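Let's take a friendly look at how charged side chains pair up in a protein model. Have the sequence and the 3D view ready as you read.

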Amino acid sequence: MDDILKKFSPRLFFITGLIMILLLAGIGATAYFGLNQLDLRASALLGACPESEATRAFSDFMIFLKETMPIYGAAAAGMAFLLAVLLIWIAGRSVLKGLLKTSVQKSSVPKKPGDSKQDRQERIAADRRLYLHLLSVLQREGRLLDFFAEDLAAYEDAQIGAAVRNIHENCRRVIDRYVGFRPVMEQAEGQSVTVEQGFDASALKLTGNVAGEPPFRGTIRHRGWKAGNIELPELSGGRDAGLIAPAEIEIA
Amino acid sequence: MSEPVYIIGIDLGTTNTVAAYAEIPADPGRAPDIRIFRIPQLVDAGVIEKRDLLPSFILVPGPHDLPDGALALPWEEQGTTAAGEFARNRGAEIPHRLISSTKSWLCHTLVDRNAKILPWQGLKDAGKLSPVEASAAILRHIRNAWNHEMAGDETLRMENQEILLTVPASFDAVARELTVQAAAMADLKHVTLLEEPQAAFYAWIDDAGDRWREMVKKGDLILICDVGGGTSDFSLIRVSESGGNLDLERIAVGDHLLVGGDNMDLTLAHAVSLQMAVSGTRLDAWQMNGLWHSCRQAKEKLFSSPDAAEAPVTILGRGSGLIGGMIRRSLTRDQVDQVILDGFFPVCERTEKPGAARKHGIQELGLSYESDPAVTRHLAYFLSRHQTDENAYLSPTAVFFNGGVMKAPSVRRRILEVLNAWRPEDGGLVREIAATDLDLAVARGAAYYGLVRRGQGIRIRGGLGKSYYIEIGASMPAVPGLPAPTKALCVAPFGMEEGTRARVAEQRFVLIVGEPVCFAFLESSLRRKDAVGQTVEDWEAEGIEPLTTLETTLDGEAGTTVPVALEVNVTEIGTLEIWCVCPETGRRWKLEFNVREKGQCLGAS
């Protein structure tokens, strides 16, 4: 912004000056020409009736003009010229400064969603909804939250078992569809394996007597889990982000 | 239309819709992979996910049924209807807002299929759709989903691709015409029709590759037994040989049977609920719905694990009474066998016929579900009706299964058992041709057929699945008090192939210009030997049935008459067109199918 201003101000000054000089030269030339013509007429008038009082006064005024104009007139015009150039330059500069400021303000605000307050709130709401989505499906298809909300102390083990079978089956299907989880280690639990140099420490957690450098020999105690395929749903509509399952009201 | 890039096969099913696609290969010798298009759809209010199947249900919600923006789709902010999984699930709770079995309505001859009648028994204020519009809504969803997912530029939009749309083999000329209309309404103007059982068989040919020639042999008669969620469909394919190559010909198609897997699960649920009622537990509608789902799971478990003697059926309590309000029973193998196998696939004689409809005083005008649910009896009737003479039993040598119900090994075993019991003494055992994927085969096969049409692979010869007639007056003296006898004139014979036309030269009609012209249009799925121009007297006794009427108004100078002959055109896309042609001037008028309620008109003469 300052850059543009720095480049612009001498140019503005130069251009204003040039235009003013041309303008001044034009005015000067016209004034000079007009004055000469006036002088010619005045001399003719003097020749025609030299005795007249008015003619003499006019002739004197013409002589005064011819003597003073080139000196004082030029000086006054030069002053006016300098003042005008200065004023236009300052005004032009400040207008440009203002324009630049507003345009920079506009362009420096990126039009990405998420930076205005409303966008940010919407994004947070969408994230929250996506976070709760799996739970919402587990409740809808597997009644998982209803199950968690139950007081198990009130029921026999057999009753709970029967309910769990159903919930397990339905929730399992949801998890399979959304996450498709499978073990990290293909080998069976209890098998011994070798952990090579440069293993992924986030996927393999070593426990027990870990000393020295790999390769290590060890036994699989847990095969780990990882997601097979994650297919995120697309969520639309302005539903409350914290809502997991709607209340149901049967209209009679 | 730009040159298509893909061939898309759409299985517009009664309960589920599937789309498969293949890229049209630049090199015609290479067989491209056929893939399933995973259809994004609403699975809950405001939740869009992709599924292989799009349940063929449409929800027309009222103002208070859904929260704002619940039906927004990536391609449509302000949707007013929903198609797919959410429509099915939410619709079960508000059934008067749900349109289901659209396809069966499309071939229902007792209603006007362009009238806004669905949801059937819906509320008066609800925005209703006609059967054609409802089918179009499902196709439109698939088109929009495709254009959203697959179409980066104009040439890839579904409108510009080659589309194969499957219809039941039993669909008559009118229902086919309406299917094409529905597709056009969804902006799919270039569709070709294909029969579903044939499509399933094409999928098998695609899977088997070149080995299919070893798996069937000359002289085979293959029964295609397609029992889906809502309908059952039979077809027969004959394998013959010409010039050293195997030749496949579809020689018979069955009627549209409204019985399928959903009926079976519901029957199981009712059997269990009856037991509960005996012990004093009454179920409400919500619990009944839960029982239905639970019975389906239990059935699948019993069918897939032959050792299990029973499977639990649990209805969890509603709300907070999850465990306390739980109802638990178990479904035993005996029960399932009794209800499914003996109820729907009973062992029967090959001469048996389906039980006649029980006559009620006032029959409700809904979908006409089969009064006899026994698929095997319908099968026996199908085979016996299509045998060419009295004693020659049409014995299939192989059977090919399709449809979700046929995933159950014990059902397949039962049908094989029944077919083997029917076979003549000198015949060999009926064998099973193993299909791979029973849910998706039809769509995949349709895409394969699209490639076949471009000159790759074998084509099943078929043509028209029925013979069509028009009713004309017989030249007999009228007897007062009796309706004048009429004859049926064959205009389009069974097996007439796509892309051919025929003229009925024997019969000329003199029609009056400027007045509506109406012909009674008849069909027969049994008479397979009539030729164009042949007349059948006393046709009602000869297995010919009224279908609808054909209508037009001849334009020209009113009051004058014009002699015309009829011309029949089986189009490349699989529809039937009937034209009046004036032989002298060459002028043509197309006769339109009446799709309103079954109409009556006197035959022109």
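## A pair along one helix

B:Glu417 and B:Arg414 sit three residues apart in helix α11 (residues 409–422) of chain B, so about one helical turn separates them. Helices here are DSSP runs of H or I with at least four residues, and strands are runs of E with at least two, numbered from the N terminus. The two side chains meet in a salt bridge, 3.7 Å from N to O; the term means a side-chain nitrogen of Lys or Arg within 4 Å of a carboxyl oxygen of Asp or Glu.

B:Arg414 is buried at 13% relative accessibility, while B:Glu417 is partly exposed at 45%. Buried means under 20% relative accessible area, exposed over 50%, and partly exposed in between (1.4 Å probe, protein chains only).

## How the model is read

This is a predicted model, where local features need pLDDT of at least 70 and side-chain atom pairs pLDDT 80 or more, while totals for chains, interfaces and linings use all residues. Residues are numbered from 1 along each chain as its sequence is written, chains are lettered from A and ligands numbered from 1 in the order written, and side-chain values use heavy atoms, leaving out hydrogens and water.

## A bridge between chains

Which residue does B:Lys301 form a salt bridge with? Its partner is A:Glu169, with the closest N and O atoms 3.1 Å apart. B:Lys301 lies in helix α8 (residues 285–304) of chain B and A:Glu169 in helix α5 (residues 157–178) of chain A, so the pair joins two chains. B:Lys301 is partly exposed at 31%, and A:Glu169 is partly exposed at 25%.
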